[in-house]
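I opened this notebook to keep a record of what I looked up in one structure, entry by entry. The sequence and the model come first, and my notes follow.

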Amino acid sequence: MAWAIVVAMLALVASIEANSSPAMWFGPIYLAIMAFAAWSLNSLVAVAIGLGILGARLATGELAVAASTGPAGTPNLAVRVLGIMIVVLVIGAARKACEREWRAARIDSLTGAWNRSAFFEILRKNQHRGGWHALIYADLDGLKRVNDEEGHAQGDENLKVFAETVRKTIRKGDVFARMGGDEFVIFMKLKDKDAGTAVANRLDTALNTEFGESRFHLSCSLGILLLPEGSTSIDGELRAADELMYMAKKSRSGVLVSTACESGGRIEFSPCPIAKEVPRDDTVVRQADRAHTSEPCMTPDTHAVA
């Protein structure tokens with residue numbers, strides 16, 4: 001969109017200038033376009049636009065005329081060009097500074113994942129999402145013990161390795177956020193409901209069975225809530241996924257998957273998903289195939305999410 005605006009503005013101004021009196025000075029208007037390009041695109045693009053305008057002036061002879069008007073013509077022209085470049089570079093630097101501040105406010109500095117506030121900001125901008133999605137709540141097993149026994153530096157390394165493993169496993173467009181401490185959330189679009197089981201197994205394998213003897217890798221518990229089309233209550237869905245994760249941790253099954261379903265205008269999910277529980281050791285995952293998709297469990301204490 002920014003490129004389209006810049007090109008359209010340049011074409012419009014050039015057309016107006018071509019049909020205007022030579023005495024009219026369009027320099028400030030071109031400077032405004034370059035400033036917009038520096039902010040919305042980058043400084044190099046803005047500088048290239050400026051050089052392109054100077055080239056056009058040179059080709060048409062207007063630049064030579066401007067530089068030959070009196071003994072101060074050439075120095076005056078040089079000062080104008082220098083001033084324009086300084087303005088463009090300052091705007092570009094301000095844009096980069098704003099980007100750094102924006103990222104610092106939304107990115108977890110240790111793991112590189114989105115932070116909690118950024119996660120809600122991103123999803124609330126996409127509330128009217130269509131198709132199936134998976135909301136995955138992950139919690140590292142034994143991180144507190146590592147921090148207590150081996151120090152926080154070791155614990156931080158475990159968090160970094162976990163985050164890097166997740167990024168290598170999920171797609172670039174999936175949302176990966178650290179909710180705090182050793183808890184993380186992944187939000188991703190699915191092809192269909194059946195893809196949820198494949199996602200569960202892929203994450204379980206990457207996070208719990210393929211790290212070998214690495215001392216910087218802890219296993220994790222995963223609660224995976226499959227969201228049907230039209231599900232938009234992220235707060236309630238997050239609580240449901242958190243509950244599934246807690247159940248997976250408590251049962252030592254590693255991964256539990258449940259499907260949210262709409263009933264009477266509300267999203268219901270099962271608090272007791274039917275899944276085969278495979279016990280595991282606290283630090284070593286002994287079986288990879290532990291993800292089982294559950295059916296809704298119609299019990300009196302079924303949770304309802306608005």
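What follows are my entries, from the whole chain down to single residues.

**Before starting.** I am working with a predicted model, in which local features need pLDDT of at least 70 and side-chain atom pairs count only at pLDDT 80 or more, while totals for chains, interfaces and linings use all residues. I number residues from 1 along each chain as its sequence is written, and side-chain values use heavy atoms, with hydrogens and water left out.

**Whole chain.** I looked up the secondary structure and found ten helices and eight strands in the protein chain; these are DSSP runs numbered from the N terminus, helices being H or I with at least four residues and strands being E with at least two. Of the 306 residues, 41% are buried, where buried means under 20% relative accessible area, exposed means over 50%, and partly exposed lies in between, with a 1.4 Å probe and protein chains only. The chain exposes about 16,200 Å², and carbon and sulfur atoms supply 60% of that area, which comes from the Shrake-Rupley method with a 1.4 Å probe; for residues, only the protein chains shown count as cover. I also looked up contacts (heavy atoms within 4.5 Å): among those between residues at least 6 apart in sequence, 71% join residues at least 24 apart.

**Helices α8 and α9.** How do the axes of these two helices cross? The axes of α8 (residues 152-169) and α9 (residues 195-208) come within 10 Å and cross at roughly 145°; the axes are lines fitted to C-alpha atoms, for helices over the stretch in contact, and the angles run from 0 to 180 degrees between N-to-C directions. On the α8 side I noted F162, T165, V166 and T169, which meet R202, L203, A206 and L207 of α9. I sorted these contact residues into five nonpolar, two polar and one charged, with Ala, Val, Leu, Ile, Met, Phe, Trp, Tyr, Cys and Pro counting as nonpolar, Asp, Glu, Lys and Arg as charged, and the others, Gly among them, as polar.

**At the two ends of α9.** A195 is found in helix α9 and is buried, because its relative accessible area is 18%. Its C-alpha atom is separated by 9.1 Å from that of W132, which is 63 residues away along the chain. T209 is in the loop between α9 and β4 (220-227) and counts as partly exposed because its relative accessibility is 29%. From T209 to S219, ten residues apart in sequence, I read 8.1 Å between C-alpha atoms.

**Around α5.** Is A104 buried or exposed? A104, in helix α5, is exposed, because its relative accessible area is 56%. A104 and W114 are ten residues apart in sequence, with their C-alpha atoms 9.9 Å apart. In the loop between α5 (73-106) and α6 (116-124) I looked up D108, which is buried because its relative accessible area is 16%. Once neighbours within four places in sequence are left aside, D108 is in contact with A113, W114, N115 and R178.

R252 lies between α10 (234-251) and β5 (255-259) and, because its relative accessibility is 35%, counts as partly exposed.

**Cysteines.** I searched for disulfides, meaning pairs of cysteine sulfur atoms within 2.5 Å, and the count came to zero. I also checked C220, which is buried because its relative accessible area is 0%, and C98, which counts as partly exposed because its relative accessibility is 42%.
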